Amino acid sequence: MAAPMPVYLPWLMTAGFGWLYYRRIRRHFGWQLWQPRRTQLRIGILVLVAAMLVVAAVYLPHVAWGIAGGTVAGGALGVFALRHTQSSVRDGKPGYTPNPWIGGGLALLLVGRLAWRWYSGAFSSGAMQGGSNASPLTLAIAAALISYGLVQAVGLMLKMRHTVA
């Protein structure tokens, strides 16, 4: 027999996800210290998540066009934002200043969409059975965010090689 879930656990999980997302959005503003290992780890994680989105597109064909469109849009936004990312060296340490509006706006768009889906009852118990409740718009936004992050991370890695060298 399974132990009952504590009443406060959903609130703690929500607060934890909120804190993680706050930290993620905060990285879109101001000068950032270049950390190549963290960027390599981010690329690895984003590749895994992108692979999961491809699997979702294969097994949930009604969301495939949303994922494909989001991937193309996110990649294009990533290239555009990368052109507006400035790299520099401060106190002998390499760093960069990302374009805050594109990445921050895309991240807030995903949070707003997930909040709307949660408010409308899409995540209630019994509502998600076999992916039948998967939204093409939500997965398009998620795919855009993932492809944007991949383009940014790989492009930043290449850009910082020229700054450091």
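User: In which sense do strand 1 and strand 3 pair, and over how many bridges?

Analyst: They pair in the antiparallel sense, over two bridges. Pairing requires that DSSP finds at least two bridges between two strands. Strand 1 covers residues 32-33. Here Leu-33 stands opposite Gly-95 in strand 3. Keep in mind that this is a predicted model, where local features need pLDDT of at least 70, side-chain atom pairs count only at pLDDT 80 or more, and totals for chains, interfaces and linings use all residues. Residues are numbered from 1 along each chain as its sequence is written, and side-chain values use heavy atoms, leaving out hydrogens and water.

User: How many bridges join strand 2 to strand 3?

Analyst: Five bridges join them, and the two strands run antiparallel. Strand 2 spans residues 86-90. Ser-87 has Tyr-96 of strand 3 as its bridge partner. Elements are DSSP runs, numbered from the N terminus: helices (H or I) take at least four residues, strands (E) at least two. In a regular strand, side chains alternate between the two faces of the sheet.

User: What do strand 2 and strand 3 form, and which residue in the turn has a positive phi?

Analyst: They form a hairpin, with two residues between the strands. Asp-91 sits in the turn, and its phi is positive, about 55°.

User: Where is Asn-99 found? Is Asn-99 buried or exposed?

Analyst: Asn-99 lies in the loop between strand 3 (93-97) and helix 4 (100-119). Its relative accessible area is 13%, so Asn-99 is buried. The scale runs as follows: buried is under 20%, exposed is over 50%, partly exposed is in between (1.4 Å probe, protein chains only).

User: Which backbone nitrogens does the side chain of Asn-99 reach?

Analyst: One belongs to Trp-101, at 3.0 Å. Another belongs to Ile-102, at 3.3 Å.

User: What else is Asn-99 in contact with, leaving aside neighbours within four places in sequence?

Analyst: Contact means heavy atoms within 4.5 Å. By that rule Asn-99 touches His-28, Ala-81, His-84, Thr-85 and Tyr-148.

User: Is Phe-17 buried or exposed?

Analyst: Phe-17 has a relative accessible area of 57%, so Phe-17 is exposed. The residue belongs to helix 1 (residues 9-26).

User: Where does Leu-137 lie, and how does Leu-137 count in accessibility?

Analyst: Leu-137 is in helix 5 (residues 136-164). Its relative accessibility is 47%, so Leu-137 counts as partly exposed.

User: How far apart are Leu-137 and Gly-69 in sequence and in space?

Analyst: In sequence, 68 residues separate them. In space, the distance is 9.7 Å, C-alpha to C-alpha.

Conventions. A polar contact is a pair of N or O atoms within 3.5 Å; within protein, one must be able to donate a hydrogen and the other to accept it, and residues adjacent in sequence count only if both atoms are side-chain atoms.
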